[in-house]
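Please look over the structure shown below before reading the briefing that follows. The notes are grouped by topic.

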Protein chains: 4
Amino acid sequence: MTHLPERLLAGYKHFMSGRFLSETQKYRDLARDGQAPETLVIACCDSRSAPEIIFGAGAGELFVLRNVANLIPPYAPDGEFHSTSAALEFAVQALKVKNIVVMGHGRCGGIKAALDHKSPPLSPGDFIGKWMSLLAPSADAVAGNSLMTPGERQTALERISIRYSIANLRTFPCVKILEEKGKLKLFGAWFDISTGELWVMDSQTGDFVRPDLN
Amino acid sequence: MTHLPERLLAGYKHFMSGRFLSETQKYRDLARDGQAPETLVIACCDSRSAPEIIFGAGAGELFVLRNVANLIPPYAPDGEFHSTSAALEFAVQALKVKNIVVMGHGRCGGIKAALDHKSPPLSPGDFIGKWMSLLAPSADAVAGNSLMTPGERQTALERISIRYSIANLRTFPCVKILEEKGKLKLFGAWFDISTGELWVMDSQTGDFVRPDLN
Amino acid sequence: MTHLPERLLAGYKHFMSGRFLSETQKYRDLARDGQAPETLVIACCDSRSAPEIIFGAGAGELFVLRNVANLIPPYAPDGEFHSTSAALEFAVQALKVKNIVVMGHGRCGGIKAALDHKSPPLSPGDFIGKWMSLLAPSADAVAGNSLMTPGERQTALERISIRYSIANLRTFPCVKILEEKGKLKLFGAWFDISTGELWVMDSQTGDFVRPDLN
Amino acid sequence: MTHLPERLLAGYKHFMSGRFLSETQKYRDLARDGQAPETLVIACCDSRSAPEIIFGAGAGELFVLRNVANLIPPYAPDGEFHSTSAALEFAVQALKVKNIVVMGHGRCGGIKAALDHKSPPLSPGDFIGKWMSLLAPSADAVAGNSLMTPGERQTALERISIRYSIANLRTFPCVKILEEKGKLKLFGAWFDISTGELWVMDSQTGDFVRPDLN
């Protein structure tokens, strides 16, 4: 009896005989000493935008929160279960990361759902509908612009949502205070699946530009 | 002016000149055709347990939800924002994944927080405290067992929490129905950071065992 | 007494001893046989986006209309002076070009004026205000979107205006008929001054994409 | 699917690997700082008389208006769409150019059309007919002179039209005022496609002479 999909078992074997073998000591150290990542990445669940792959990151480097459309809801200390806020709190307060990167990507299914929000819910619970309704005001503003193509509206909302999440990050007192003290930096990035291009947010203007890689 | 931490830019350059270069067509196809991952992995944010690395997965293979301690809260169609349920709903209903893997790992900071839940909150919002309180009954039962070592209690709760999340998955009607129809399979796994060992859950007994890799 | 700015005279000397010298026969032939360009380019007057330079074009290749913001007003056979329509008519009916390319560019001063149309006119005649008012409905739709950055609004309107001009091209009976017969093709392009990137319009979707140059 | 004529794509590739590569920083600066051309050139759309090529001009040097036969209609603040006046206003009032050069050329199709104005219109809109009718009084005077050869009549009208456009430039109050203040200079030039010779207008006499290039 197999207790894991075949493809995953095969991939794990490959990991053990390759990467793990060459980094055995590093993993051992990381287990003994604990993790100390400098960066929290908030990324989408999308199967085409894994932060560790795009940023060529090794074990212990990135603390990674992934939800649909890489959203940070606004600060709400209401005693409800907030998985996103919990991960943020842990990264900032316990791990004391120095950087937070919100990374969105092209052709995001969550963003598409936000733009098509009059489609029927995916299930009676309508969890995606509710989750993406965080972007509803932005989505309505973009969806109503019939002069832009569907692709342009999608990209526009993807980038607006990154700025929205970064703005929400600053509603968390711990983020706001540490950023003001210069101990924490916030970044935005957008990954183009088709071309592999990474566009990074200019912190002054909010524009997304291609970094100089030379 | 740099718009991204230097280390990430360097890693991205490496990705572009390496992996992306050799898989350009694959990324282009994935962009054009959309993603069609067969597996949803629910993993921890921990910087040492990236599913794509442990499972040697390529672009488009794994839809990955990551929160602290890889928890699935129970089904709660209450109109609140549920990022975890949203990702689950999207994976099952929109992407129609065939497998769901809940992957925990050793030395999990979230599990440790659940066992030490009398520690002061990390911030006034106490988001981690609230989030890990999902495991409070289990954590109390384990924490009170002074016959086990701290390490054994930690591992025990890590595995209990995987079974707890799998049980909660079945509280979602769509998961329950598709599993009963044989269209969806649920798996549990636990990764030992120190040794690289992957332990997989026996679906009959709930025990974690080492898979036969030959 | 100098009858031309010094810089232009110096440039002309350079042209004569270089390019003209090596293409003397070509110019002589073009003078004797007349021009027969295959392509009409409609471009902006901007000093940074000369079509012959960007497309590496030689003498006789491109018939080039340049006005502020590369606009084509709609077909209006009203007996007024229409310099743009005149150039279009000459290219299509007399020269029988096979291609029409509307080429816009980033950081276009005309487009900026359209977005800032509440600024005072440049002169009592307000010619720019009137000319750019062709884009007023589009400009209003874009200018009102405060979720986009000024840079994003500028790029959006630059691309919308290219689609607008292409749509207006089709209001000219001669263009419409020849395009339907497959004798004339319409293209859109957008040049990024900062990076040198040329983005071309997908004729199906209207999206601007980077061409594959390999 | 190709979104641009092959020849243009090939030319653009050549530009990117040649001129743009060696002037990357210049383009970047021009994008960041904006354009500041010193000269407005009013030239013909003709494929054989691109100002940037004839004047060996680099990016950012020439603001270029191109219409059929390089005509400037007289000042007419009537609220209609005047693309030529708009470009002129932008160059003089917003960019504050120091020089305006009206450049005509030999074997101009527009001038030929003006001389043959009894030919049938190119299309029902007769846009060329209307546009070139700006020159009708001059064209009639020249066309009726049977002592000149057709070639002489053509050259004569080409040069008359340059003086006509320069005279019309002075009907624009902003041009007139700035010229009188010595802040703006007006020039005329005529390019002989066959020989590559540039003839420049003597501002005192209106004659076209060959400049001393030594």
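The second largest pocket of this predicted model is lined by 40 residues, and those nearest its centre are Cys108(B), Gly109(B), Lys112(B), Ala113(B) and Asp116(B). Here a pocket is an open set of points on a 1 Å grid over the protein atoms alone, where a 1.4 Å probe fits, with protein on both sides within 12 Å along at least five of seven lines, and lining residues have an atom within 4 Å of a point. Residues are numbered from 1 along each chain as its sequence is written, while chains are lettered from A and ligands numbered from 1 in the order in which they are written. Local features need pLDDT of at least 70 and side-chain atom pairs count only at pLDDT 80 or more, whereas totals for chains, interfaces and linings use all residues, and side-chain values use heavy atoms, with hydrogens and water left out.

**The second largest pocket**

- The space in this pocket comes to about 850 Å³, a volume being the space filled by probe spheres set on the points, which are joined across faces, edges and corners.
- Two or more lining residues come from each of α5 (83-94) of chain A and, in chain B, α5 (109-115), α6 (127-132), α7 (136-143) and α8 (150-169), where helices are DSSP runs (H or I, at least four residues) numbered from the N terminus.
- With 6 residues, α8(B) gives the largest share of this lining.
- By residue class, the lining has 20 nonpolar, 11 polar and 9 charged members; Ala, Val, Leu, Ile, Met, Phe, Trp, Tyr, Cys and Pro count as nonpolar, Asp, Glu, Lys and Arg as charged, and the others, Gly among them, as polar.

**Chain C against chain A**

- In this interface 21 residues of chain C are in contact (heavy atoms within 4.5 Å) with 21 residues of chain A.
- The buried area, meaning the accessible area (1.4 Å probe) that two parts lose on being put together, summed over both, is about 1,400 Å² for chain C and chain A, and carbon and sulfur atoms give 51% of this area.
- Leu147(C), Thr149(C) and Glu152(C) supply 32% of the area that chain C buries against chain A, more than any other three residues.
- There are 4 salt bridges across this interface, each a side-chain nitrogen of Lys or Arg within 4 Å of a carboxyl oxygen of Asp or Glu, and one of them joins Glu152(A) to Arg163(C), with the closest N and O atoms 2.6 Å apart.

**Chain C against chain D**

- Here the contact involves 95 residues from chain C and 95 residues from chain D.
- About 8,300 Å² is buried between chain C and chain D, with 66% of it on carbon and sulfur atoms.
- His3(C), Phe81(C) and Phe127(C) supply 10% of the area that chain C buries against chain D, more than any other three residues.
- Chain C and chain D share 4 salt bridges, including the one in which the side chains of Glu52(C) and Arg66(D) meet at 2.7 Å, N to O.
- Helix α5 (residues 83-94) of chain C gives the largest share, 9 residues, of the side of chain C that touches chain D.
- That side of chain C is made up of 50 nonpolar, 28 polar and 17 charged residues.
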